[in-house]
Amino acid sequence: MFDDLRDLYQEVIFDHNRNPRNFREMPNADRKVEGFNPLCGDRLTLFLKMQGDVITDASFQGSGCAISTASVSLMTEIIKDKTEAEADALFQQFHAMTTGKGDDANLEAVGKLAVLAGVREYPARVKCATLAWHTLDAALKNQQQAVSTE
Ligand code: ZN
């Protein structure tokens with residue numbers, strides 16, 4: 001990866017960590033699932049508002065490291081107005097990217113999420129980046145119990 005691209009990616013991560021998007025409780029949420037990454041101590045609650053199979057609103061609360069906060073912040077932005085199937089496809093692409101199984105075609109498919117591609121070089125941080133998505137996966141499957149990456 002080129003250094004200037006890496007700097008840009010880090011800038012986006014810092015920005016979302018400092019100023020997380022959709023960081024709020026959603027009292028009338030249709031789905032609410034907690035996620036926990038014991039390895040790092042990242043903890044979040046994901047809220048979804050659904051209309052049919054479309055995610056009309058997404059928000060979160062919790063606390064975690066910069067990677068996990070940026071990941072869930074970016075995720076709540078990108079899944080809004082997506083269908084469950086589209087969100088699931090993004091999850092599969094994101095998972096492939098962060099675990100190093102994706103290729104450059106995947107990087108384009110995930111759009112803005114590509115800023116988190118760098119975590120694949122740091123296996124210990126992959127769970128920080130994927131926690132939000134595993135929690136989303138549980139929420140879309142309508143599971144109530146908390147998600148743990150361990
Ligand atoms: Zn973390």
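This is a predicted model: local features need pLDDT of at least 70, side-chain atom pairs count only at pLDDT 80 or more; totals for chains, interfaces and linings use all residues.
R24 belongs to the loop between helix 1 (3-18) and strand 1 (31-37), whereas D57 belongs to strand 3 (residues 54-63), so the pair ties together parts that are 33 residues apart in sequence. The two partners may also be described by their accessibility. R24 is partly exposed, its relative accessible area being 31%. D57 has 18% relative accessibility and counts as buried, because the limit for that class is under 20%.

Side chains of opposite charge can pair when their charged atoms come close. The structure holds nine salt bridges, and another of them joins K127 to E150, with the closest N and O atoms 2.8 Å apart. K127 lies in helix 5 and E150 in the segment after strand 4 (147-148), so this pair ties together parts that are 23 residues apart in sequence. K127 is partly exposed at 29% relative accessibility, while E150 is exposed, with a relative accessible area of 55%.

A further salt bridge is formed by K141 and D137, whose closest N and O atoms are 3.0 Å apart. K141 counts as exposed at 53% relative accessibility, whereas D137 counts as buried at 17%.

The account now turns to helix packing. Two packed helices are described by the angle between their axes and the distance between the axes. Helix 3 (residues 84-98) packs with helix 5 (residues 123-140) at an angle of about 155°, and their axes are 10 Å apart. Because angles over 145 degrees count as roughly antiparallel, helix 3 is roughly antiparallel to helix 5. The crossing of these two helices is left-handed. On the side of helix 3, the contact is made by E84, A87, D88, L90, F91, F94, H95 and T98; helix 5 contributes V126, A129, T130, W133, H134, L136, D137 and L140. Sorted by class, this contact has nine nonpolar, four polar and three charged residues.

Helix 5 also packs with helix 2 (residues 66-78), here at an angle of about 35° and with the axes 8 Å apart. Helix 2 and helix 5 cross in a right-handed manner. I67, S68, S71, V72, M75 and I78 of helix 2 make the contact with R125, C128, A129, A132, W133 and L136 of helix 5. These residues divide into nine nonpolar, two polar and one charged.

Methods
Residues are numbered from 1 along each chain as its sequence is written. Side-chain values use heavy atoms; hydrogens and water are left out. Axes are lines fitted to C-alpha atoms, for helices over the stretch in contact, and angles run from 0 to 180 degrees between N-to-C directions. Helices (H or I, at least four residues) and strands (E, at least two) are DSSP runs, numbered from the N terminus. Angles under 35 degrees count as roughly parallel, over 145 as roughly antiparallel, 65 to 115 as roughly perpendicular and the rest as oblique. A crossing is left-handed if the near helix is turned anticlockwise from the far one by less than a right angle, and right-handed if clockwise. Contact means heavy atoms within 4.5 Å. Ala, Val, Leu, Ile, Met, Phe, Trp, Tyr, Cys and Pro count as nonpolar, Asp, Glu, Lys and Arg as charged, and the others, Gly among them, as polar. A salt bridge is a side-chain nitrogen of Lys or Arg within 4 Å of a carboxyl oxygen of Asp or Glu. Buried means under 20% relative accessible area, exposed over 50%, partly exposed in between (1.4 Å probe, protein chains only).
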